[in-house]
Amino acid sequence: MNEQPDNSSALPSRFVLAAAPMQDVTDLAFMHVLARIHCLPDVWVTPYFRSTRTTCAMAEQPLRCIVENPTGRPVWAQLAGSSTSSLLRDAEALLRLPIVGINLNVGCPSPLVNRHGAGAALLRNLPLLREISQALRAHLSPGMWSVKCRIGWECADEFPRVLDVLCDSNPDILIVHARTRKQLYAGEPCYAAVRLAVQRASCPVWVNGDIHSVERALGCLRTVRPAGLMVGRGLVRNPYLLRQLRGGAAPTLKEMQLYYMTLLEETGCFLQRYSPAGHCNRMKKYLAFCYADFPERAEYELRRCSNPSEMARLFRFARTPA
Ligand SMILES: Cc1cc2nc3c(=O)[nH]c(=O)nc-3n(C[C@H](O)[C@H](O)[C@H](O)COP(=O)(O)O)c2cc1C
């Protein structure tokens, strides 16, 4: 939780700033980076553990975010699945680890995940969503059950019914990515739908989707009145956004370069088998959200770069985030 902000553009006190889960992006290396540059979210949600009848959910990457969490900030473990018994089994296993609770993924648009009825596919199978939500609620202690959902599969008109189902299971936190599955990650977020969730749900609601600037965050705060903000791509592009939202300064160019260099250093430490090209490819997972802050020529070269020293040289061309 944030304490009193120190200027008028900051968010209210006791307002949660959460890092959005992003597979292959908000990983252990990224957690180390944010700790080193002193820009930590109040809370993390791991990228999803896939829970199926046959698969053990203990995927290495999200698991390390929990057991090696270097930040001292609480972590929710996210599950994506469509089998109630498997989800309960995997929730039980995760509860033995240092997590604050279980988060159900009701938003992942991956065709593979959706084909198995999980992620966003639960938005069009409300009886199953109800069954899973009620079972997890019954299994988890108060305070330990949260959901991250989209506002519909096809269109936002579906959201009131989704909301009814989720509210019936009394989640402790509801995180709403203000887009439909059809929109994937583009198109205008519909914050009005999140406002509806704030009005109807008896739990705190966090808003997610395109919160990439202080102006956007404050606009959401005014219109949606959420209890928290969850930031994904905007955080990767500008991790100092969290500091700005807490009333601090926008990043300097030097700080942005420090961020990229720290990312380069940390990703190198976490590669299973080191190769310069592999190191650069890993970096490109993060840089995909940062290219807008480089001149065209530098972006072109970064996208093709296979030498970490050359990548470090290209970071000198960075601009501060717009
Ligand atoms: C590369 C990538 C991976 C993601 N992985 C997850 C995930 O594992 N679980 C999840 O709930 N959402 C995942 N998301 C969605 C984000 O958490 C977030 O809801 C979405 O990016 C919108 O927020 P933003 O505009 O702040 O990025 C992912 C998004 C991206 C771009």
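Strand β4 (residues 75–81) is mostly covered, with seven of its seven residues buried; a residue is buried if 20 or more other C-beta atoms, placed from the backbone, lie within 10 Å of its own, exposed if 12 or fewer, and partly exposed in between. Helices (H or I, at least four residues) and strands (E, at least two) are DSSP runs numbered from the N terminus. The structure is a predicted model, in which local features need pLDDT of at least 70, side-chain atom pairs count only at pLDDT 80 or more, and totals for chains, interfaces and linings use all residues. Residues are numbered from 1 along each chain as its sequence is written. From β4, V75, A77, L79 and G81 point one way, and W76, Q78 and A80 point the other way. Both sets are buried.

β4 pairs with several strands, where pairing requires that DSSP finds at least two bridges between the two strands. With strand β2 (residues 43–45), β4 pairs in the parallel sense over two bridges, and W44 stands opposite V75. Strand β3 (residues 49–51) also runs parallel to β4, joined by three bridges; S51 has G81 as its bridge partner. Strand β5 (residues 101–106) pairs with β4 over four bridges, again in the parallel sense.

## Helix α3

Helix α3 (residues 84–94) has L87, L88, D90, A91 and L94 among its buried residues. The elements that cover them include β3, β4, β5 and α5 (126–139), counting two residues as in contact if their C-beta atoms, placed from the backbone, lie within 7 Å. In general, an α-helix has 3.6 residues a turn, so residues three or four places apart point the same way.

## Contact of α6 and α7

Helix α6 (residues 159–168) and helix α7 (residues 191–200) have axes that come within 11 Å and cross at roughly 35°. The axes are lines fitted to C-alpha atoms, for helices over the stretch in contact, and angles run from 0 to 180 degrees between N-to-C directions. The crossing is right-handed, meaning that the near helix is turned clockwise from the far one by less than a right angle.

On the α6 side the contact is made by F159, P160, L163 and C167, and on the α7 side by A193, L196, A197 and R200. By class, these residues are seven nonpolar, no polar and one charged. Ala, Val, Leu, Ile, Met, Phe, Trp, Tyr, Cys and Pro count as nonpolar, Asp, Glu, Lys and Arg as charged, and the others, Gly among them, as polar.

## Ligand shell

The ligand has 22 residues around it, of which A20, M22, P47, G232 and R233 come nearest. A residue is near a molecule if its C-beta atom, placed from the backbone, lies within 6 Å of it. The shell divides into ten nonpolar, nine polar and three charged residues.

## Exposed residues

D24 lies in the loop between β1 (16–19) and α1 (28–36). D24 is not a glycine, yet its phi is positive, at about 65°. D24 counts as exposed because it has 11 C-beta neighbours inside 10 Å. L184, in the loop between β7 (173–177) and α7, also has a positive phi, near 50°. With 11 C-beta neighbours inside 10 Å, L184 counts as exposed.

R115 belongs to helix α4 (residues 111–115). R115 is exposed because 10 C-beta neighbours lie inside 10 Å. R115 and I99 are 16 residues apart along the chain, and their C-alpha atoms are separated by 29 Å.
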